[in-house]
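This briefing concerns a predicted model.

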Amino acid sequence: MSDEYALLGHPVSHSRSPFIHARFADQTGEDLHYRALDIRPGDFPDALESLRARGVKGANVTVPFKLEAFALADDLTERARDAGAVNTLSFASSGPDSGPTIGPTIGDNTDGVGLLRDLTVNHGVELAARSVLLIGAGGAARGVLGPLLGEHPARVVVVNRTPARALQLAERFAPLGQICAWSFSALAGERFDLIINASAASMAGELPPLPEGLLAGGACCYDLMYAASATPFVTWARARGAAQALDGIGMLVEQAAESFHCWRGVRPRTAPVIAALTAERGR
Ligand code: NDP
């Protein structure tokens, strides 16, 4: 019987993760089945227990359960601990050939490495000594900050709809690099080489309140959200002449590849899967 994996979130009907993991399995010859499960808020702990009892090997966790997954994991990787959020759970500690024994639940976070690979490897974006604006202070922002600061940008400015949460993040990540929290209004007159929208504003069809003139020459804008058509933030970036206006489809595939590697010990190729998803959107 195939090893089972799942995506836990709410909602998940739009998710392309089952498609991505099916492509990875085909490509690598790994025998696994991955499906998306819509979990009602409040039901996450029970859902986790039921998956473990059924011998499911691992799960991805998405909105709104990343902080709950962090709290419920028995053990955490360093990057999950840094992030304070978990998007990847492994239920058996002894690898894909282990039997049905229930091991500890290990929480990991592959969002940051996924974003970084998409930015730097797939799109050639330089981060060292660059000025970065990060919009949002939720689970995704927490996941990407550690790896981002590890690239030694000149500064990372965090802004968020609820300013206190941006401040908390800046304090939490201050030991890892140059980071500060500002209000949206304080951005007037500033320039950034990279603007990352890690807020859920695009999910609501909204745009964060960004002043004009934020883009330095050659700036890259990256929306973590992905959609069939351009997100409001990608449209905003294109209209202001961003050198690159990207959405999160590449990050989605790269973070999935990192999860796949954690679970199976095999690293799938991401380029053909990104190409397939991009072609699907063009139809
Ligand atoms: P969370 O719910 O943890 O955090 C949401 C964040 O967005 C908070 O900072 C929140 O601010 C802010 N926000 C929500 N609605 C609005 C709005 N209307 N205007 C401005 N800010 C808003 O979500 P995640 O951090 O997990 O996800 C954020 C986004 O990143 C989502 O769009 C998600 O799909 C995407 N994502 C994409 C990934 C990929 O692989 N491409 C991976 C992970 C996430 P406040 O603190 O005020 O509530």
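A salt bridge joins the side chains of R117 and E258, with 2.8 Å from N to O. The rule finds one salt bridge across the interface of domain 1 and domain 2. Because the model is predicted, side-chain atom pairs count only at pLDDT 80 or more.

**Domains and their interface**

- The domain assignment divides the protein into domain 1, made up of 3–109 + 253–280, and domain 2, spanning 112–247.
- Taken over C-alpha atoms, the centres of domain 1 and domain 2 lie 25 Å apart.
- Domain 1 contributes 16 residues to the contact, and domain 2 contributes twelve residues.
- About 1200 Å² is buried between domain 1 and domain 2, and carbon and sulfur atoms give 53% of this area.
- Of the area that domain 1 buries against domain 2, 37% is supplied by D82, A83 and E254, more than by any other three residues.
- Six residue pairs, with both residues at pLDDT 80 or more, are in polar contact between domain 1 and domain 2.
- On the side of domain 1 that touches domain 2, α4 (78–83) and α9 (249–264) each supply at least two residues.
- The largest share of that side of domain 1 comes from α4, with four residues.

**Helix α8**

- In helix α8 (residues 232–239), the buried residues are F233, V234, W236 and A237.
- Viewed down the axis of α8, these buried residues fall within an arc of 160 degrees, so they line one face of the helix.
- An α-helix has 3.6 residues a turn, so residues three or four places apart point the same way.
- The exposed residues R238 and A239 are carried by the face of α8 that is turned away from its buried side.
- The packing partners of the buried residues of α8 are β7 (131–135), β10 (192–197), β11 (215–223) and β12 (244–247).

**The loop residue T231**

- T231 is placed in the loop between β11 and α8.
- The relative accessible area of T231 is 3%, and T231 is therefore buried, the cut-off being under 20%.
- With residues up to four places away in sequence not counted, T231 touches S202, D223 and M225.

Key
Residues numbered from 1 in each chain as written. Predicted model: local features only at pLDDT ≥ 70, side-chain atom pairs only at ≥ 80, totals over all residues. Heavy atoms only, no water. Buried < 20%, exposed > 50% of the residue type's maximum accessible area, 1.4 Å probe, protein only. Arc of directions from axis to C-beta. Contact = heavy atoms within 4.5 Å. Domains from an automatic or database assignment. Buried area = accessible area lost by both parts, 1.4 Å probe. Salt bridge = Lys/Arg side-chain N within 4 Å of Asp/Glu carboxyl O. Polar contact = N/O pair within 3.5 Å; in protein donor to acceptor, adjacent residues only side chain to side chain.
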